[in-house]
Amino acid sequence: MSTEDFSQLACPNPECPAYGQRGAGNLRPHGWSGRGRRLRCLRCAVCGTDFSERANTPLWGLRTPEDKLLAIADHLAEGVGCRATARLCGVSLNTVLRFTRRCGKHAEGFHDLKVRGIQPRQIQADEAWAFVGKKRQTL
């Protein structure tokens, strides 16, 4: 019996009845993948789909080590530029740009999926009024 916890993962197959259901108990270990056997492969017991633990994440299909990708994300979140991030993390600028694009698309999809049906009762337009006030002062 496996002692590994797969409760944070879900089947990535949209046609599976257990699609997207975390902690459903339908995932079984199915080997390893990647250099040095770094990534756990899983199989959905309901539909039989094989997938990596990185499926449906911005890290899926990338060969850069996870610690470097997390360092890139941390630097970018702190406002460090792409060139400086590449230099600090020891990767190419293209790696940083590709990862940034991929994370942005993933975040946009996640936002669109989760943020729905919001009906704000009040909107604070402080920023808009500050902008208008500055424009009026220059006239």
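1. The sheet. Three strands make up an open sheet in the order β1-β2-β3, and their pairing is antiparallel. Strands pair here if DSSP finds at least two bridges between them. At the edges lie β1 (27–33) and β3 (50–52), each of which pairs on one side only. From one strand to the next the twist averages 35°, where axes are lines fitted to C-alpha atoms, for helices over the stretch in contact, and angles run from 0 to 180 degrees between N-to-C directions.

2. Basis of the note. This is a predicted model, in which local features need pLDDT of at least 70 and side-chain atom pairs count only at pLDDT 80 or more, while totals for chains, interfaces and linings use all residues. Residues are numbered from 1 along each chain as its sequence is written, and side-chain values use heavy atoms, with hydrogens and water left out.

3. Overall make-up. The protein has 4 helices and 3 strands; helices (H or I, at least four residues) and strands (E, at least two) are DSSP runs, numbered from the N terminus. Read from the N terminus, the order of elements is β-β-β-α-α-α-α. Of the 139 residues in the protein, 22% are buried. Buried means under 20% relative accessible area, exposed means over 50%, and partly exposed is in between (1.4 Å probe, protein chains only). Taking contacts between residues at least 6 apart in sequence, 31% join residues at least 24 apart; a contact means heavy atoms within 4.5 Å.

4. Strand pairs. Strand β2 (residues 39–44) runs antiparallel to β3, with 3 bridges between them. Arg-43 has Asp-50 of β3 as its bridge partner. β2 and β3 form a hairpin with 5 residues between them, and in the turn Gly-48 has a positive phi of about 80°.

5. Burial in the sheet. β2 is largely enclosed by the rest of the structure, because 5 of its 6 residues are buried. In strand β3 lies Ser-52, which counts as buried because its relative accessibility is 12%. Not counting residues up to four places away in sequence, Ser-52 touches Leu-39, Arg-40 and Cys-41.

6. Rings. Arg-40 also lies over the face of Trp-32, at 4.3 Å from the ring centre. The criterion for a charge over a ring is that NZ of Lys or CZ of Arg is within 6 Å of the ring centre and within 35 degrees of the ring normal. A search of the whole structure for aromatic pairs finds 0. Such pairs are rings of Phe, Tyr and Trp (its six-membered ring) with centres within 6.5 Å; planes under 30 degrees apart count as stacked, over 60 as edge-to-face and the rest as tilted.

7. The two sides of α2. Helix α2 (residues 82–89) has Thr-85, Ala-86 and Cys-89 buried. These residues are on the same side of α2, because they cover an arc of only 100° around the axis; the arc is that of the directions from the helix axis to the C-beta atoms. An α-helix has 3.6 residues a turn, so residues three or four places apart point the same way. On the face turned away from the buried side of α2 are the exposed residues Arg-83, Arg-87 and Leu-88. The cover over the buried residues of α2 includes α1 (66–77) and α3 (93–114).

8. Cys-82 belongs to helix α2 and counts as partly exposed because its relative accessibility is 25%. Leaving aside neighbours within four places in sequence, Cys-82 is in contact with Leu-76, Leu-93, Val-96 and Leu-97. Ser-92 is 10 residues from Cys-82 along the chain, and their C-alpha atoms are separated by 9.7 Å. After α2 comes Gly-90, with a positive phi near 70°.
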